[in-house]
Amino acid sequence: MEKLNALDGMAARVFSDDASLLVGLLKQVADGFRRASIYRPLNALSDLNPDRRSKLLAYARGQFSRGRGILWTSQLQGLERLLRDSSFALCTPTGSGKTLVANMALVKELLLRGHKDVAPLAIYLVPSRALAGEVEAKLRGELGDEMIVTGLYGGADWGITDYWLSGEQPTVLIVTVEKADALMRYLGPLLLGRLRLVVIDEAHQVVPEGGENTRISFSEHRNRSLRLESFISRVLARRPDVVRIALTAVAGGATLPVARWVEGRPDAEAVGVRYRSTRQVIGVLETTPNRPCRILLDIMNGRPLYLRGEEQPVYLRLRIEQMPQLPAGMRNSLNRFNSLTVLWTALHLVEEDQRILISVAQEPEQTMRWFKEALELPTWATAPGFSAPDGELRGRYDEARAACIDYCGVDSFELALLDRGIATSHGQMPQRLRRLMTEMIEGRICPITVATATLTEGVNLPFDLILLSSLKRRSWDAENEQQIITPLSTAEFRNLAGRAGRPGAARGIEGMTLIALPTTISTTADSFVGVQRRQRRDLVTDYEQLRTALLIEERDADAVESPLAMLLTAIRDRAISVLGLPPNRFLDWLDQVLPPNISPEAGEGASGLRARLADSLDELDGVLLAALEEVARADEVSMTGAEAEAQLIELWRRTFTAVAAAQEEWMEQAFIRRGRAVVETVYPDADERRRLYQYGFSPIVGRRFEGVAPQIRVLMAAAHSYGVDDASTRLRVFEQIGMLLSNDRGFGFRVRATVGDQALLANWRDVLAWWMQVADAAGPDADQLRSWQRFVADNLEFKLGVAIGAVVAQAWSAGAGDPYAVPSLSEWRVTTGLPWFGFWARELLRWGTHDPFVAYVLAQGLAHTRERAAERREEFETWLHANHVDIEPDDYIDPQLFLEWQNSLPRREHAAVPFAPETVELTGTNGARPRYNVIPVPHGARVSWLDPAGFELATSKDIAGAYDNSSIRNDYELRATQRGASVNRTFRAGAQ
């Protein structure tokens with residue numbers, strides 16, 4: 001830069017105007033790259049711990065090799081704030097590089113700070129299990145050599161992968177808020193003692209959507225915004241010194257309130273610019289029968305897009321083959337015609353190296369079936385095909401295909417689409433298969449993806465184009481016998497649109513999100529004409545409403561809704577309207593009312609007005625009880641009404657509600673007075689409060705669960721021969737536990753009020769047998785698969801798993817006594833008083849197997865399918881009998897022995913092939929300087945070694961094509977000595 005600055009100064013006096021202008025432009029561009037280099041902030045960050053400087057510089061070089069060494073404006077601002085402050089909110093549009101700032105926060109707080117006699121820990125909160133898997137993989141790849149990175153996706157128990165508990169390395173826990181809350185109940189004092197940093201990804205999700213659906217979610221104990229506010233507020237109340245970093249898109253006006261909440265200051269300002277690293281374009285894909293589609297570009301970077309001086313909108317005509325006319329049965333559904341036109345368009349755009357997401361609002365199984373049937377039409381034979389990749393990528397594809405057969409079956413829609421190069425993902429898909437599908441997308445093996453919103457909640461995947469055929473979700477209210485229509489919120493749409501054109505992932509500099517809108521009806525049958533005309537009008541209206549809302553929301557708001565305020569308001573409004581309570585009596589009513597006195601159906605998931613009021617109050621009691629019990633447990637104090645009031649005053653100050661808007665005074669009073677009532681009136685028994693807290697249910701539900709918890713423990717304790725039992729005997733243990741839950745509508749199984757779901761509930765044992773892979777168990781057909789998967793996810797993995805986890809957690813706590821005791825495998829059985837079945841039960845439900853060995857092998861990546869994992873059991877048992885005597889039934893499922901066996905396996909060596917110095921012939925230098933930085937440029941059978949200015953310094957032979965265009969990502973040094981000249985590789989770039 002010094003030479004370039006000097007040349008620029010000289011050019012103005014000596015060179016021609018054109019040459020001087022060129023030098024000046026080069027100087028300005030180079031200066032811009034220098035200021036945006038990742039080396040500058042990382043060098044400054046290393047001043048905190050100079051001993052780590054070389055590690056940080058190596059990290060910076062690695063980012064350069066991945067094409068991420070030049071920072072976006074938002075990243076520069078975030079890193080500048082990180083250098084200056086500790087806690088802050090980074091609020092920039094999706095795709096602006098927030099993750100890098102989070103990674104550097106982890107480095108700063110876990111590696112560069114001094115920590116005396118404790119391994120520091122960070123909690124990285126993510127909104128979904130899918131995102132947890134992606135963040136874990138990427139963080140482990142970039143920082144895994146320096147810290148433990150582990151993703152924990154759900155549950156209240158301790159699993160085989162939770163080695164972080166007793167580790168001495170800095171640790172990052174990547175968790176959903178549900179898992180974080182469970183860990184707090186199970187290991188709170190231990191967790192808080194090590195906690196140094198909390199990263200809140202997609203922090204704007206603390207802002208709830210308004211409307212009746214949100215109020216209903218409170219009474220059904222499933223509102224994630226409230227869980228997030230409650231968890232973070234409790235952490236801040238207990239550890240106000242912990243560093244907080246909030247990452248959020250600018251959506252819903254949440255910028256300023258989130259910043260105030262995270263920093264804990266009323267004058268806090270977010271680090272945020274409306275800079276976008278790629279152009280975000282929103283528009284319409286116009287679909288018309290028997291005519292090619294065209295694209296209308298409507299909005300770019302939040303502003304209307306039009307041609308200046310012209311009245312016509314911006315259109316792009318697609319030069320692709322016209323979709324063949326569909327059979328009448330397909331055309332008679334406008335939604336089906338619209339969806340199939342989207343698929344036809346996607347298949348042809350793939351030929352232009354586009355990566356395409358087809359986002360499905362609901363019922364993905366219906367869309368997958370439509371796609372499968374269309375691809376089988378003879379008239380679609382001319383559609384572009386798919387060829388599976390070769391080499392290493394073929395191995396990954398085959399693994400995904402095997403897992404798809406394993407979990408979905410050979411006749412499934414998922415497999416049929418995967419064979420055509422179309423990946424699928426939805427919320428009910430088994431976790432392992434969903435991870436493999438994500439690999440298909442990320443590795444660009446499958447160019448088209450069909451997915452619900454669960455895939456795109458913060459997940460960074462390489463999409464150039466996103467297509468939607470609907471902007472609504474529909475459900476059925478069985479009690480009121482009416483359809484419930486929920487429009488896609490602007491926050492959801494912004495989050496989705498931000499996945500298109502992400503820098504470093506997509507191929508272009510813009511991302512496009514298109515809503516498919518038919519320009520006319522598709523049917524020729526008179527009986528369907530009226531319906532389709534109405535449907536088309538609705539689709540157009542939905543888009544216009546979304547477009548208007550997106551443009552309005554481009555400006556920030558200073559006040560937004562908050563979960564706790566909405567919950568308190570819902571309770572008060574219902575108490576006034578349903579019970580006839582005078583408004584001035586509300587606080588007195590809170591002091592003494594019990595949920596069962598409001599409705600005998602409290603805690604049973606009933607939808608009556610009184611029952612919803614009782615359950616909403618129960619939800620509030622759960623928030624208060626958790627906060628108070630964590631104080632009592634950590635400080636070892638006897639919680640009194642006065643102590644509860646003092647603690648809740650402090651907690652209220654830490655809530656998002658306290659900063660989100662100017663709240664009415666009655667809300668804080670209601671919060672505090674109800675908390676005091678929880679201790680003095682509602683749950684006066686301290687031991688009961690402790691048990692209810694550890695169960696993790698809302699208090700009323702927890703009270704009922706307490707009646708079956710001892711029975712579950714007895715069943716688990718009796719499973720001492722599980723290791724040698726046959727499959728049907730093992731299944732019977734789960735059936736017996738499930739029988740205790742199945743009929744309770746609070747902690748037990750719950751399904752929708754549809755005929756199909758009710759039939760599944762009545763025959764849940766058949767679903768369990770299929771999922772646990774019991775021989776000869778009948779499975780679902782392709783149309784039923786997702787319903788079965790939904791029942792597994794909602795009721796077997798979650799409901800049954802939570803119940804088992806709650807019993808195990810309480811068994812550990814009762815046996816350990818010391819809240820700071822660290823769980824370990826060697827002490828687990830003695831402490832809990834349970835056989836190893838209790839340790840494995842939840843993992844078995846997660847992996848879909850009755851055999852703990854199969855679950856272990858899958859978790860450790862020692863087999864790709866459940867069938868292959870089962871085949872390795874004989875190998876383990878042979879080793880067991882050869883190395884141990886006096887083998888007991890429990891030894892066959894002892895995780896310590898599984899670990900010992902795994903460590904005995906021959907390890908596959910992955911020794912890096914050393915780069916031998918390559919002899920070169922000097923051509924452009926005499927070697928007066930001993931070292932030169934060079935880059936290889938292959939041409940034919942030779943390689944030219946150029947200096948940064950582009951001059952050739954040396955040449956060598958390119959033996960066997962060792963150098964190609966990717967070689968420039970490595971660093972090479974030309975070294976000249978009296979014995980000759982050679983090139984040495986000083987840095988090897990990793991995989992992109």
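## Barrel and strand pairing

Six strands close into an antiparallel barrel in the order β18-β21-β20-β19-β22-β23, where strands, like helices, are DSSP runs numbered from the N terminus (strands E, at least two residues; helices H or I, at least four). Two strands are taken to pair if DSSP finds at least two bridges between them. From one strand to the next, the twist averages 40 degrees, with axes fitted as lines to C-alpha atoms (for helices over the stretch in contact) and angles running from 0 to 180 degrees between N-to-C directions. Seven bridges join strand β22 (residues 971-977) to strand β23 (residues 980-987) in the antiparallel sense. The bridge partner of R975 is S982 in β23.

The structure is a predicted model, in which local features need pLDDT of at least 70 and side-chain atom pairs count only at pLDDT 80 or more, whereas totals for chains, interfaces and linings use all residues. Residues are numbered from 1 along each chain as its sequence is written, and side-chain values use heavy atoms, with hydrogens and water left out.

## An enclosed strand

Strand β4 (residues 171-175) has five of its five residues buried, so this strand is largely enclosed by the rest of the structure. Buried here means under 20% relative accessible area, exposed means over 50%, and partly exposed lies in between (1.4 Å probe, protein chains only). Both faces of β4 are covered, with T171, L173 and V175 buried on one side and V172 and I174 buried on the other.

Strand β2 (residues 121-125) pairs with β4 in the parallel sense over five bridges. In this pairing L125 stands opposite V175 of β4.

## Aromatic pairs

A pair of aromatic rings is described by the distance of the centres and the angle of the planes. Rings of Phe, Tyr and Trp (its six-membered ring) pair if their centres lie within 6.5 Å; planes under 30 degrees apart count as stacked, over 60 as edge-to-face and the rest as tilted. The count by this rule is 34 aromatic pairs. One of them is the edge-to-face pair of Y695 and F705, with 5.1 Å from centre to centre and 80 degrees between the planes. This pair links distant parts of the chain, 10 residues apart: Y695 belongs to helix α27 (residues 686-695) and F705 to helix α28 (residues 699-717). Y695 and F705 are both buried. The ring of F705 also pairs with that of F697; the centres are 4.9 Å apart and the planes are at 55 degrees, so this pair is tilted. F697 counts as buried at 15% relative accessibility, and F705 does so at 0%.

A single aromatic cluster is formed by W828, W836, F839, W840, F853, Y856, F876, W879, F898 and W901. Charged groups also sit over rings, a term that requires NZ of Lys or CZ of Arg to be within 6 Å of the ring centre and within 35 degrees of the ring normal. The charged end of R294 is placed over the ring of Y315, 3.6 Å from its centre, and that of R866 over the ring of W771, 5.8 Å from its centre.

## Salt bridges

Side chains of opposite charge can pair when their charged atoms come close. A salt bridge is a side-chain nitrogen of Lys or Arg within 4 Å of a carboxyl oxygen of Asp or Glu, and the count by this rule comes to 64. D181 and R185 form one at 2.8 Å, N to O. Both residues lie in helix α8 (residues 177-194), four residues apart, about one turn of the helix. D181 is buried at 16% relative accessible area, as is R185 at 12%.

Another salt bridge joins D744 to R704, with the closest N and O atoms 2.8 Å apart. The two are 40 residues apart and link distant parts of the chain, D744 being in the loop between α29 (727-741) and α30 (755-762) and R704 in helix α28. D744 counts as buried at 14%, while R704 is partly exposed at 26%. D851 and R873 likewise form a salt bridge, their closest N and O atoms being 2.8 Å apart. D851 lies in the loop between α34 (836-847) and α35 (852-859) and R873 in helix α37 (residues 873-883), so the pair ties together parts 22 residues apart in sequence. Both D851 and R873 are buried. A network of salt bridges links R81, R84, D85, E263, R265 and D267.

## Cysteines

Zero disulfides (pairs of cysteine sulfur atoms within 2.5 Å) are found in a search of the whole structure. C408 is in no disulfide, and the nearest cysteine sulfur, that of C404, is 4.5 Å away. C408 is buried, with a relative accessible area of 11%. C91 also counts as buried, at 1% relative accessibility.
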